Amino acid sequence: MEKIQNYIGGKLCEPQSGNYLDNYNPATGAVYSLIPDSDKSDVDKAVIAAKNAFPAWAALSSEKRMGFLMAIADKIEENLEDLALAESKDNGKPLWLSKAVDIPRAASNFRFYATAIMHDKTDCFDMGEVAINYTIRKPIGVAGCISPWNLPLYLFTWKIAPALATGNCVVAKPSEVTPMTAYLLSKICTEVGLPDGVLNIVHGLGHKVGATITEHPEIPVISFTGGTSTGQQIARVAAPMFKKMSLELGGKNPNIIFADCDFDDALSTTKRSSFANQGQICLCGSRIFVERPIYEKFRDAFVAQTKKMVVGHPLDEKAKLGAVVSKDHMEKVLSYVELAKEEGGTVLVGGKRVILDGEYANGYYLEPTIIEGLPFNCRTNQEEIFGPVVTIMPFDTEEEVLGYANSTKYGLSSTVWTSNLKRAHRMAGNLDSGIVWINTWLLRDLRTPFGGVKQSGVGREGGFEALHFFTEPKNVCIKL
Ligand code: NAD
C-alpha cells in the first residue's frame, strides 16, 4: 500500500515516529494508502528547514521566484490527468470535476501569483517640501498554511502560492482526509528544483500537526481555511501571540430568487450552486428563498430536475454527484436530514444514502436533497450542513428576505437573481456577506477579495489582498 511522505527540507521523508494513519477512498469505503501521523518533532524539523531557506528565498528577485512558480504551474498542467485521478480517488468527487476545476485552478493559483508579484507596487506619500514617505513591503518569514478537504489541491495552493511569491517560506498542512495531491505536489516541487526548505508539507492530524503549527513561536503568520469552530481554536491560540491570521471559515449562504429573474438561468445555476462537489463547497447556496409569485413553479421544476441528477462513482461520466468525503461526514449530513424532519420539514426529493453496485457498494453516496416547510430560524436553516442538502422557502418582500438571509452567524457569500438593476444594487449593499453574486454563482476573478464577514472569517484572500497579507509594510519617512 502506498505510503504518503512528508516533504521537509526538500526531501521526502517518513514521520519521525514511524506511525501512519489510514487513508480511505470514499468511492469504495476501502483504505488505499497511508498518511504520516506526524507530530511536533516533524513540524519543528520543517520550521528549521523553512527558517534556513528564508533569507535566500526572500532575497531572490521577483523574476526568479516567478520562474519557480511558473514551472510548478506548468508541471501541474502536464500532470493534469494523474492529479485529477488522484484527487477524485482521495475525495470522492467526479473525475470530470477534478479535471475541469480542481487541478486547472491549482495551476492558475501558481500562475496568478507568479505574475502578480511582477505587477505589484509600493506607495509613496509626498509631503511637499517637508518630507517624503515611501512604504516598502517585506515577507514575514515562515508562514503556516492549513487547508481543508473539500477542494484539496485548489485551496492548498491558493495559500501557498501567494506566500511563496512574496518571499516567505512555508510549512503547510493539507487535510488528513485528502492528503494525496499535496504529496504529489511535493514531488513536482522536487522535479522543478524548488530550493530545499522553501516549501515544507507535514501530513497528519489537525490537533497534532495543525495545532503545533498554530502555536509554533517561529511561525508568525497563519493562513487557515476550514470550519468555524477550528478557526475559533486557532484564533484562541494565535491571537495572544499576535500572529497575523487569515481565517476562511464556514458558510450558510442564501440563494435569493426574485420573480423577475431569468428563470431558466436561475434554475440551472441553482442546481449547480446546491449540489456541485456534493454540496461540499463553502460557497454553495444552501438556503433557497424564492419570491412567492414563482415559488411553486420554481420549486416543482427544481425538484423535477434534481430527481434526474445521477449519483455515481467518480469515474462514471454521467454522474453529476460522486461520493461525499468520508463515512463520518455522510452520517453527519444524514443526521441533518433527520433533524430537518423533526423540525417539521418535508423532504421533497432525496434524503437517503445511495448504495451502488460491486466495488462501490460501501462508498459514501448521498441523494441530492431538497427540504421544504422549515422556518428560517430553525437549526437546519442556521447550521452549516456542507453536503447535498438545501432548503427552499417562499418570501414576499425584499425586506423580509434580507432578514432571512442575514439571520445566520455566517456571512460568506450570497446569490441574488433579479433583472431589476436598482434592486440588485440595493440587495448587494444590504446583504451581510463578503461576496455577492448577481445572476451568477461562483464566477471567480482571482484579483477580487475573497472571504467572509461575521463567523465566516477574518481577512481576505485573493489578488493584492493576499500579497499584502503575506508581507509587512514598513514606512520610511525622509525629512527634506
Ligand atoms: P476542519 O476545520 O475540520 O479542518 C481544516 C483543517 O484544519 C484540516 O487540515 C485539519 O486537519 C486542520 N485542523 C483541525 N483541527 C485543528 C486545530 N486544532 N488546529 C489547527 N488545525 C486544525 O474543516 P474541514 O472539515 O476540513 O473543511 C470543511 C469546512 O471548511 C467547512 O466548514 C467549510 O465551510 C470550510 N471551508 C471554508 C472555505 C472558505 O474559503 N471560507 C473554503 C472551503 C472550506
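A: Here is a walk through the helix pair, followed by another helix and some loop residues. Keep in mind that this is a predicted model.

Let's start with the packing. Two packed helices are described by the angle between their axes and the distance between the axes. Here the pair is α9, residues 263-275, and α10, residues 292-307; their axes come within 10 Å and cross at roughly 50°. That angle makes α9 oblique to α10. As for handedness, the α9 and α10 crossing is right-handed.

Now for who touches whom. From α9, the residues in contact are F263, A266, L267, T270, K271, S274 and F275, and they meet I294, K297, F298, A301, F302, Q305 and T306 of α10.

Carry on past α10 and you get to K308, in the loop that links α10 to α11 (327-342). K308 has a relative accessibility of 67%, so it counts as exposed, the cut-off being over 50%. Its C-alpha sits 9.9 Å from that of P368, though 60 residues separate K308 and P368 in sequence.

Next, have a look at α1, which covers residues 40-59. With 20 residues at 1.5 Å each, α1 should span 28 Å, and its end C-alpha atoms are 29 Å apart, so the two figures agree. Even so, α1 has a kink of about 40° at A53, shortly before the proline P55. A53 is also one of the buried residues of α1, along with D42, V43, A46, V47, A49, A50, F54 and W57.

Last stop, the backbone of two loop residues. Most residues other than glycine have a negative phi. F386 has a positive one, near 65°, and it lies in the loop between α12 (379-382) and β19 (389-395). Its relative accessibility is 15%, so F386 counts as buried, which takes a value under 20%.

K454 also has a positive phi, near 50°, and is likewise a residue other than glycine. You'll find K454 in the loop between β21 (435-438) and β22 (457-458). At 38% relative accessibility, K454 counts as partly exposed, because that value falls between the 20% and 50% cut-offs.

Note on methods. Residues numbered from 1 in each chain as written. Predicted model: local features only at pLDDT ≥ 70, side-chain atom pairs only at ≥ 80, totals over all residues. Heavy atoms only, no water. Helix = DSSP H or I, 4+ residues; strand = E, 2+ residues; numbered from the N terminus. Expected span 1.5 Å × (residues − 1). Bend = angle between axes of the 7 residues up to and from the residue. Buried < 20%, exposed > 50% of the residue type's maximum accessible area, 1.4 Å probe, protein only. Axes fitted to C-alpha atoms, helices over the stretch in contact; angles between N-to-C directions. Parallel < 35°, antiparallel > 145°, perpendicular 65-115°, else oblique. Left-handed = near helix turned anticlockwise from the far one by under 90°. Contact = heavy atoms within 4.5 Å.
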